[in-house]
Amino acid sequence: MKILSIDLENCFGIGKLKHDFDFNKSNSYVIYAPNGTMKTSFAKTLGLIAKNDKKNQPKDQVHNKKSKFEILSDGDAISKDVILVVNAEDNSFDATHKITSFIASKELKEQYDFIYLELNNAKSELLKKLKAISQSSDCEGEYVGTFNTDENNNFFEVLANHVYELKDDAVKISFKYNTVFDSKNTVKNFLIKNEELLDDYIDNYNQILSNSKLFKLTSGNSFGTYQANEVFKSIEDNSYFEAGHKFILEDGTEINDSSQLKKLLEEEVERIVKDEKLKESFGKVDKAIGANGDLRAFKKVIEKDNSLLVHLKDYNGFKKTVWTSYMSEIKGEAEVLTTLYNQQKENLKGIIAQANQELSLWSDIIKKFNTRFYVPFEISIGNQHDVILKQETPNLEFVFKDKGEEPLKQSKENLLKVLSKGEQRAYFILQFLFEIESRRASDEITLLIFDDVADSFDYKNKYAIIEYIRDLHLSDNFKSIILTHNFDFYRTLGSRLTLYKYSYMATRDKHRNIQLQEGLYMNDLFKDYLKKYDQPKVFISLIAFVRNLIEYTDSSKTDDYQKLTSCLHQKKDTDSITINEVFVIFKNRIKKLEEKEINFDGSEKIVEYIFSIADAIENEEDINEILLENKIVLSVACRLKMEQFLINELLEDDIPMIGANQTRALSTAYTTKYPDSVNLEIIDKVNLMTPENIHINAFMYEPLIDMSVHHLIDLYKDIKRITLI
């Protein structure tokens with residue numbers, strides 16, 4: 001991307017903006033845009049172009065005028081994928097998935113994928129069969145979740161530990177998994193809520209076992225229908241008895257063949273089923289379920305086999321028993337897959353160990369963030385090798401560090417609750433770092449639009465983001481347009497990135513037409529003013545500056561200070577002070593002006609001169625909206641003319657004893673005397689708009705830059721209008 005051509009019309013607050021950015025000259029351009037000029041509208045327009053949503057495009061939201069948004073890169077329509085708008089207010093932006101694109105070694109990834117291709121194919125076949133048996137809606141997740149420990153958090157590890165518990169002749173489970181172990185825990189919650197009914201059923205069941213010929217209940221164990229069925233299965237072919245063996249029950253009864261055992265088993269089961277007390281206990285459980293639609297399938301299961309309630313007393317333990325039964329039906333396939341995994345396990349460990357050593361870029365990004373940005377947390381990845389090799393979404397881990405307290409792990413949600421506004425913005429900037437570094441790794445050309453990324457930052461974090469932008473500026477893969485309404489941020493970027501030459505200031509006329517003008521005031525404003533002292537607007541602007549110098553270096557009680565004060569406020573001597581008298585003070589106080597002369601009539605009264613220059617500014621056709629001297633002259637003229645009006649309107653007895661804040665004191669006196677005056681609104685505007693503009697204090701002049709010169713012209717006109725009435 002060499003030339004970026006912007007042609008916008010009626011895009012949100014932008015009426016018209018047409019400009020070419022020449023990236024042959026600089027990889028970055030900085031634009032200072034006073035509030036309400038174009039910054040948000042520009043970023044929003046580029047952001048919507050990047051999203052390429054046909055239903056949500058740049059538009060005029062007020063007048064519904066036809067919009068135009070043509071962005072060309074070297075003469076061709078820009079690709080949406082090239083644009084990235086970085087806005088730290090966008091808390092929905094999440095680029096953690098992009099981490100995988102820049103921290104995985106291609107060679108290791110290929111080795112890892114080759115091994116897992118065979119493993120995953122075999123796993124897929126096994127899970128198909130397991131799903132058919134269990135009819136679980138999430139076969140893998142439920143199985144792993146049932147046996148999962150901190151050490152064993154993947155399917156292969158869980159299976160490798162579980163395969164030794166599988167049986168060749170396990171009793172088959174007759175119900176669908178989710179009818180008992182549903183994802184919402186409806187059954188589990190029902191069992192907990194009705195624990196007393198469940199205990200009553202189990203007590204009655206155990207009582208029957210204790211009185212049975214065949215079944216038996218001992219401390220902590222029982223020989224019930226399940227165990228008896230297991231024994232019967234192993235001897236039903238009668239070979240056990242034909243070998244001369246026999247069973248002798250506790251009451252002395254001898255069992256000599258399988259048919260006799262089968263008959264006894266059926267009789268005992270029948271006795272359990274028909275037991276009135278047990279039926280009553282189950283009836284209470286059945287009634288508790290009632291017409292609950294979520295438990296309808298579960299109700300059918302336990303009506304078919306009441307004894308399941310006994311096993312469900314240990315809900316989680318029974319869940320393991322059920323999965324063991326399901327997996328036992330495909331024991332052979334499970335053993336083959338486990339063998340395959342164990343054969344590759346050491347190779348996988350070696351690859352993971354090597355991959356962990358190749359995290360330099362990720363480490364650099366996190367180190368850069370943790371050391372550059374002043375935030376009370378540090379960040380790392382929890383599932384590191386899965387991110388590297390399997391390209392899983394990273395689990396970002398945050399450790400909150402508070403003074404005097406132990407560091408604590410925090411979730412993202414909880415972390416954001418305790419961070420300040422600036423710290424939250426730093427977190428969201430981190431998300432953009434992932435996206436940007438992903439693009440850097442892919443060697444793509446990217447157009448970055450930074451939308452006031454340093455807003456709400458303290459100075460340390462502000463300079464951290466400046467340094468990162470500078471890193472990007474030095475890379476030819478990134479072309480940046482940096483928008484800000486923070487003048488200090490603008491000047492710093494200008495000095496560190498664009499060397500002032502490629503810094504612009506945005507202005508907007510009454511038709512919302514935007515112009516990007518060469519940036520001003522990047523260096524010391526007052527050095528520039530001293531060079532231009534003999535220009536009328538600058539001469540007037542120096543009055544407040546020199547007055548401040550006198551206050552700082554001498555005293556506000558000196559004659560020079562008092563005389564310059566009379567040039568800014570209507571005093572008894574204001575109308576008699578000449579330009580020459582003011583210039584003599586300048587020369588006495590500033591060595592550089594000692595031998596200088598002015599090229600205009602020094603005998604003219606300074607107050608009349610101020611008004612004449614203000615009148616000239618008012619009538620300029622193509623006024624430069626950025627020039628500070630225009631705004632300073634208009635502010636001084638507004639102040640003086642308003643004070644003249646107020647003094648004329650007040651009786652001598654109404655005028656208060658005035659120290660500091662003369663305009664405010666006179667305004668208060670006027671408001672008290674004329675509470676219903678139509679002029680109060682104009683007086684309020686003077687108090688609101690002019691104090692900071694006059695007293696620029698050598699350094700803090702950002703409010704004056706933000707102020708629209710057209711607003712000051714309108715105010716000056718209003719004041720002149722009321723003074724003529």
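A residue counts as buried under 20% relative accessible area, as exposed over 50%, and as partly exposed in between, with a 1.4 Å probe and protein chains only. By that criterion strand β3 (residues 28-32) is mostly covered, since 5 of its 5 residues are buried.

Before I continue, some remarks on the basis of this talk. The model is a predicted one, in which local features need pLDDT of at least 70, side-chain atom pairs count only at pLDDT 80 or more, and totals for chains, interfaces and linings use all residues. Residues are numbered from 1 along each chain as its sequence is written, and side-chain values use heavy atoms, with hydrogens and water left out.

The protein chain has 725 residues, of which 49% count as buried. Its secondary structure comprises 32 helices and 17 strands; these are DSSP runs numbered from the N terminus, with helices being H or I of at least four residues and strands being E of at least two. Among contacts (heavy atoms within 4.5 Å) with a separation of 6 or more, 70% join residues 24 or more positions apart.

Let me return to β3. In a regular strand the side chains alternate between the two faces of the sheet. Here Ser-28, Val-30 and Tyr-32 point one way, Tyr-29 and Ile-31 point the other way, and all are buried.

Which strands does β3 join by bridges, β15 and β16, and in what sense? Two strands are said to pair if DSSP finds at least two bridges between them. β3 runs parallel to β15 (residues 478-484), with 5 bridges, and Val-30 has Ile-482 as its bridge partner there. β3 also runs parallel to β16 (residues 503-508), with 3 bridges, and in β16 the partner of Ile-31 is Tyr-504.

These strands belong to an open sheet of 6 strands with mixed pairing, in the order β6-β14-β15-β3-β16-β17. β6 (83-86) and β17 (514-518) stand at the edges with a single partner strand each, so one side of each is left without a neighbour in the sheet. From one strand to the next the twist averages 25°; angles run from 0 to 180 degrees between N-to-C directions, and axes are lines fitted to C-alpha atoms, for helices over the stretch in contact.

Strand β1 (residues 3-11) is mostly covered, with 7 of its 9 residues buried. β1 runs antiparallel to β2 (residues 14-22), joined by 8 bridges, and Leu-8 has Leu-17 as its bridge partner in β2. The hairpin of β1 and β2 has 2 residues between the strands, and Phe-12 takes a positive phi near 55°. β1 also pairs with β4 (residues 68-73) in the antiparallel sense over 6 bridges, where Asp-7 stands opposite Glu-70.

Finally, a helix pair. The axes of α23 (residues 536-553) and α24 (residues 559-568) come within 9 Å and cross at roughly 150°. The two helices are therefore roughly antiparallel to each other, a term for angles over 145 degrees, with under 35 being roughly parallel, 65 to 115 roughly perpendicular and the rest oblique. Residues that meet include Ile-543 and Ile-550 in α23 and Tyr-561 and Leu-564 in α24.
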